Amino acid sequence: MQHRAAPGFQAAWEVADRIPGWLTEAQARLLWETAEEVPDGGLLLEIGSHQGRSTVVLGALARERDARVVAVDPFVDGRLFGGRPTREKFERHLAEAGLTPTVELLADYSTRARPSWSRPLDHLYIDGKHDYWTLSDDLRWTRHLRDRGPVLVHDCFSSIGVTLGILVHVLFSGRLRYERRAGSLALFRVGRPSLRDRARILGELPWWIRNVAVKVLLRLRLRPVARVLFGHRGPYDPY
Ligand SMILES: C[S@@+](CC[C@H](N)C(=O)[O-])C[C@H]1O[C@@H](n2cnc3c(N)ncnc32)[C@H](O)[C@@H]1O
């Protein structure tokens, strides 16, 4: 498959890094590298956009491919995600990055949008609600991807709901192969997993247990203990 060369990742990251959110540079790079596989005119779907930090990375690459990004986010209310004002920030950040024509906002819950969805996808990024039931449903979007299509899951092996969903629907099923991760951002591909692919998932479980322990310590306001025992710095959950 022929691709036109995309401009550097660095330029996209400089824009994205000014937007608040939960994506590290290494994770942005993994999103970028997998998005480079998208063919000209292709379609990427992001579940959970918040203020647009990851959307801008995907959108910058998509623009070069004449591809499009569909960003699915209902902009839930509450202290963490911020509701309506967050939607306004998302729209402003996309406009400032010149990505409004490239990114289509679907302001709805992924679980509500999925049943009527019919367009083929070339890239799927899952970072919406992190409970077991939503993640299980979000994995069903993979049916719209071709063989070997990339599926990226944020907070994989750092959230109880997401990891349980991965164990049930990936470890014990035959549709997705686990490849690698950048922090909590895990890359899967559509395809039948080998025993080694499944073993790689099991190999992440000690890291998952470590992350859950850190989260418990943070909830108990024992941040210094999380730092001493696990080297975790800052007030946020591991991601
Ligand atoms: C962790 S944030 C996403 C962060 C974003 N990807 C970034 O790079 O900063 C999670 C987002 O998921 C959204 N969300 C919650 N439930 C959702 C659902 N069922 N479908 C889609 N998005 C959802 C929230 O409104 C929130 O904006």
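Select Phe 157 first. Phe 157 sits in the loop between strand 5 and helix 7. Helices here are DSSP runs of H or I with at least four residues, strands are runs of E with at least two, and both are numbered from the N terminus. The model is a predicted one: local features need pLDDT of at least 70, side-chain atom pairs count only at pLDDT 80 or more, and totals for chains, interfaces and linings use all residues. Residues are numbered from 1 along each chain as its sequence is written, and side-chain values use heavy atoms, with hydrogens and water left out.

Check the backbone of Phe 157. Its phi is positive, about 60 degrees, although Phe 157 is not a glycine. Most residues other than glycine have a negative phi. Phe 157 counts as buried because its relative accessibility is 0%; buried means under 20% relative accessible area, exposed over 50%, partly exposed in between, with a 1.4 Å probe and protein chains only.

Now go to Phe 75. Phe 75 lies in the loop between strand 2 (68-72) and helix 4 (84-96). Here too phi is positive in a residue other than glycine, near 55 degrees. Phe 75 is buried, with a relative accessible area of 8%.

Next, select helix 7 (residues 160-171) and helix 8 (residues 195-203). Their axes are 11 Å apart and the packing angle is about 170 degrees. That makes helix 7 roughly antiparallel to helix 8. Axes are lines fitted to C-alpha atoms, for helices over the stretch in contact, and angles run from 0 to 180 degrees between N-to-C directions. Angles under 35 degrees count as roughly parallel, over 145 as roughly antiparallel, 65 to 115 as roughly perpendicular and the rest as oblique.

Show the side chains at this contact (heavy atoms within 4.5 Å). Helix 7 supplies Leu 167, Val 170 and Leu 171, while helix 8 supplies Arg 198, Ile 201 and Leu 202. By class, the contact of helix 7 with helix 8 has five nonpolar, no polar and one charged residues. Nonpolar covers Ala, Val, Leu, Ile, Met, Phe, Trp, Tyr, Cys and Pro; charged covers Asp, Glu, Lys and Arg; the others, Gly among them, are polar.

Stay on helix 7. Its buried residues include Gly 161, Val 162, Thr 163, Gly 165 and Ile 166. The elements that the buried residues of helix 7 pack against include helix 6 (132-138), strand 5 (150-153) and helix 9 (205-219).

Move to the aromatic rings. Rings of Phe, Tyr and Trp (its six-membered ring) pair if their centres lie within 6.5 Å; planes under 30 degrees apart count as stacked, over 60 as edge-to-face and the rest as tilted. By this rule the count is eight aromatic pairs. Select Phe 9 and Trp 32: the ring centres are 5.9 Å apart and the planes are at 70 degrees, so the pair is edge-to-face. Phe 9 is in helix 1 (residues 9-16) and Trp 32 in helix 2 (residues 25-35), 23 residues apart. Both Phe 9 and Trp 32 are buried.

Two last stops. Gln 51 is in the loop between strand 1 (43-47) and helix 3. Gln 51 counts as buried at 9% relative accessibility. Beyond four places in sequence, Gln 51 touches Ile 19, Pro 20, Thr 86, Lys 89, Phe 90 and His 93.

Finish on Ala 62, in helix 3 (residues 53-64). Ala 62 is buried, with a relative accessible area of 2%. Beyond four places in sequence, Ala 62 touches Leu 44, Ala 67, Arg 68, Val 69 and Thr 102.
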